[in-house]
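Colleague: I am new to this structure, and I would like to learn how to read it piece by piece. Could you walk me through it?

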Amino acid sequence: MNNIYLDYAASSQKHFDIFRDVITLLEENYANPSSNHKLGKFNNKLLTNSKLSIAENLNVNADEIIFTSGGTEANNMVFNHIANNFENGEIIISDIEHPSVKESAEKLEKLGFKILTLPTSSDGIIKLEKLNKLISNNTILISIMLANNETGVIQPIAEVVKLAKQHNILVHSDIVQALGKIEIDLDKIGVDFASASAHKIGATNNFGFLYTKDNNMTPLIVGGGQEKGLRSGTSDVFGAVVFQKCLERSINNIKDLQKKKDYFLNSLNANNINFEINGTQQNSLPNIINLYFKNIQAQRLITYLDVNNIYISGGSACSSGNIKGSKIISNMFDENRAEHSVRISIGFDTTQEMIDFTINKIKQLETNILSRGI
Ligand code: PLP
């Protein structure tokens, strides 16, 4: 069997057919989209249309989307904006945020802002009562991701916004993992800021956007004045058009992903493998499965599968290789459970045959450990 890639949450397999189509489109149209000649204007139109389509898919206006180099930059932009517009105040983030949110918050802490961390419960969900207790008259921003990158658990962001708006607090949500995996209506959810990334949905690395309702957003990168002066740097027409097309395809693929995830979990059960799921399944992404194997250490499983050309992860890409296991699972349960938990994330290229082969290998390892004690 060739490589079996089950680490889509770290980065998706690319939709290379879309890449090829867009290359063909741009082969004769390589001009700078800011140039004022026919070729430039043609590319500018492509850029505008891709933004319109992305905005439409999220039920927002195109002028509320700022293209960036990805989720990390978009997250940084939000905290930079807060630092520029407030002298001090309190910021609440959840304990499952991506490092680009956590470290942005830590930067603000050094500037005198107070950072409060909201813990998640063992089902992987933040609790509104706990959030309510952390809110004070000084709270200026709440930043909670829409879905977690390790458990896939979806957070109640619309309810967070309702609570925050009673106190006039800004809300940011990192939607990097949720984008293209669930239907997202940003207008209905009501957040002030949302960050997204292209490479999680099969588009290019180093592309994404920040959604903001704020007309006076503080630019993080200044220069040529692209993106209405909010994000300078020559626009990436290729990245934008590929992103638009990958998003359309991902949204059409949601039901198919869910079927594959259900098949994976049903097969684990059918093979009598001793496992539990980390995080609620009622409200989770259709592509991420976080599994606790009582009889198998995570690192052992990752290595065993790797030898068999199957690629999974111990948590987020940033923390893989960490023998102690995922901090998020550790916080939800304990260190022992984290050391026995792995993330398997599927995608458009995952086949039933690949799932069968993987489950077979997991069963093989569990049987070896139980029968020989090794
Ligand atoms: N936020 C989350 C939840 C992520 O999973 C990631 C990627 O790992 C990022 C942000 C960073 O996005 P990017 O890789 O586009 O900078």
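Colleague: Where should I start with strand E3 (residues 90-94), and how many of its residues are buried?

Modeller: Buried means under 20% relative accessible area, exposed over 50%, and partly exposed in between (1.4 Å probe, protein chains only). Strands (E, at least two residues) and helices (H or I, at least four) are DSSP runs, numbered from the N terminus. In E3, 5 of the 5 residues are buried, so the strand is largely enclosed by the rest of the structure. Glu90, Ile92 and Ser94 point one way, Ile91 and Ile93 the other way, and all are buried.

Modeller: A word on the source: this is a predicted model, in which local features need pLDDT of at least 70 and side-chain atom pairs count only at pLDDT 80 or more, while totals for chains, interfaces and linings use all residues. Residues are numbered from 1 along each chain as its sequence is written, and side-chain values use heavy atoms, with hydrogens and water left out.

Colleague: Which strand do 5 bridges join to E3?

Modeller: Strands of a sheet pair through backbone hydrogen bonds, either parallel or antiparallel. Two strands count as paired if DSSP finds at least two bridges between them. Here 5 bridges link E3 to strand E4 (residues 114-118), and the two run parallel; Ser94 stands opposite Leu118 in E4. E3 is also joined by 4 bridges to strand E5 (residues 139-143), again in parallel, with Ile92 opposite Ile142.

Colleague: What unit do E3, helix H4 (residues 99-110) and E4 make?

Modeller: A crossover is right-handed if, with the strands pointing away from the viewer, the path from the first strand over the helix to the second runs clockwise. E3, H4 and E4 make a right-handed β-α-β unit.

Colleague: What is the strand order in the open sheet?

Modeller: The sheet has 7 strands in the order E2-E8-E7-E6-E5-E3-E4, with mixed pairing. Strand E2 (65-68) and E4 stand at the edges with a single partner strand each, so one side of each has no neighbour in the sheet. Neighbouring strands are turned by 20° against each other on average, direction ignored. Strand E6 (residues 170-174) and strand E7 (residues 193-197) run parallel and are joined by 3 bridges, where Asp174 has Ser195 as its bridge partner.

Colleague: Which strands does H4 lie across?

Modeller: For angles, axes are lines fitted to C-alpha atoms, for helices over the stretch in contact, and angles run from 0 to 180 degrees between N-to-C directions. H4 lies across E3, E4, E5 and E6, running at about 160° to E3.

Colleague: At what angle do helix H9 (residues 254-270) and helix H13 (residues 352-372) pack?

Modeller: Angles under 35 degrees count as roughly parallel, over 145 as roughly antiparallel, 65 to 115 as roughly perpendicular and the rest as oblique. H9 and H13 pack at about 30°, with their axes 10 Å apart, and are therefore roughly parallel. Contact means heavy atoms within 4.5 Å; among the residues making it are Tyr263 and Phe264 of H9 and Ile355 and Ile359 of H13.

Colleague: And how are helix H10 (residues 298-307) and H13 placed, roughly parallel or oblique?

Modeller: H10 and H13 pack at about 125°, with their axes 10 Å apart; they are therefore oblique to each other. This contact includes Tyr304 of H10 and Leu365 of H13.
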